[in-house]
Amino acid sequence: MTKTLSLKIQQLEVKCDTKTKDNVFVEVAVAVHYKVVEDKVPSAHYKLTDPKVQIQSYVNDVIRSTLPHMDLDDAFASKSQLAENIRSQLASLMSDYGYEIKEALLIDLNPDNAVKAAMNEIMASQRTREAAAEKAEAEKILQVKAAEADADSKYLAGFGIARQRKAIVDGLKDTVNDFTNQVEGSTPQDVMDLLLQTQYFDMMKDFGKKGTNGATIFLPHGPESVSALRHQLKKEKTNN
């Protein structure tokens, strides 16, 4: 009986259905590269009728004895380790039959479509939660920074107003001192009345410029108006 054996490296693709530890059914595809050992041609010829069937049986056995002890996530993470286990066990078993196992490649680990859809949905939900958390954290930072900026702005504004009022008070003080020293018989009260009257006329002038839009205001106006205003301000200051 004559039979021809090739010494070239051949490839056999094996597909196997099994279940993982977390009860997920998967289809595993493995590509096995093998060849006949030159000095073991008689064993390859006489000991095995069909090496492909034998290799397929061994691959199925290794997969179905390994994956049921692994969760689906672990199986995906350990594909290279699983492929190496298949190669090493096949090499040991097929060596007695005159075959050398060059490589075993786990080319696909395919769970059921419903499982894949569920996994994608879980990942999408996780990404959505992470995005929402990041967005909330960014908004929190913006609010904190805005509050800090507002506080700094108010502090600087208050500091500016305080300096402005101090400058006004210092200016009034110098004005009163200079006036009383240069004008004989004048008192600080006379100077304050004069300044108040000047500011009153400036206010009336500014209001007249802005009154072109139809705004109207009624004020008592006469020689005694400034004096009455001074007395009212003094009275309110005393009451407070």
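Trainee: At roughly what angle do the axes of helix H2 and helix H4 cross?

Mentor: In this predicted model, the axes of H2 (residues 51–66) and H4 (residues 79–95) come within 10 Å and cross at roughly 135°. Angles over 145 degrees would count as roughly antiparallel, and 65 to 115 as roughly perpendicular. H2 is therefore oblique to H4.

Trainee: What is the handedness of the crossing where H2 passes H4?

Mentor: The crossing of H2 past H4 is right-handed. On the H2 side, the contact is made by Pro51, Gln54, Ile55, Tyr58, Val59, Val62, Ile63 and Thr66. H4 contributes Leu82, Asn85, Ile86, Gln89, Leu90, Leu93 and Met94.

Trainee: Which residues does Val59 contact, leaving aside its neighbours within four places in sequence?

Mentor: With those neighbours set aside, Val59 is in contact with Val14, Val30, Val32, Ile86 and Leu90. Val59 also belongs to the H2 side of the contact with H4, while Ile86 and Leu90 belong to the H4 side.

Trainee: Is Thr18 buried or exposed?

Mentor: Burial is judged from relative accessible area, with buried meaning under 20%. Thr18 has 8% relative accessibility, so Thr18 counts as buried. This residue lies in strand S1. Beyond its neighbours within four places in sequence, Thr18 is in contact with Val24, Phe25, Val26, Val28, Ile63, Arg64, Leu67 and Pro68.

Trainee: Is Thr4 buried or exposed?

Mentor: Thr4 is exposed, because its relative accessible area is 74%, and exposed means over 50%. Thr4 lies in the segment before S1. Its C-alpha atom is separated by 8.7 Å from that of His45, 41 residues apart along the chain.

Trainee: In what order do the elements of the protein run from the N terminus on?

Mentor: The order is β-β-α-α-α-α-β-α-α-α, with seven helices and three strands. Among contacts between residues at least 6 apart in sequence, 68% join residues at least 24 apart. Buried residues make up 21% of the 240 residues.

Conventions: Residues are numbered from 1 along each chain as its sequence is written. This is a predicted model: local features need pLDDT of at least 70, side-chain atom pairs count only at pLDDT 80 or more; totals for chains, interfaces and linings use all residues. Side-chain values use heavy atoms; hydrogens and water are left out. Axes are lines fitted to C-alpha atoms, for helices over the stretch in contact, and angles run from 0 to 180 degrees between N-to-C directions. Helices (H or I, at least four residues) and strands (E, at least two) are DSSP runs, numbered from the N terminus. Angles under 35 degrees count as roughly parallel, over 145 as roughly antiparallel, 65 to 115 as roughly perpendicular and the rest as oblique. A crossing is left-handed if the near helix is turned anticlockwise from the far one by less than a right angle, and right-handed if clockwise. Contact means heavy atoms within 4.5 Å. Buried means under 20% relative accessible area, exposed over 50%, partly exposed in between (1.4 Å probe, protein chains only).
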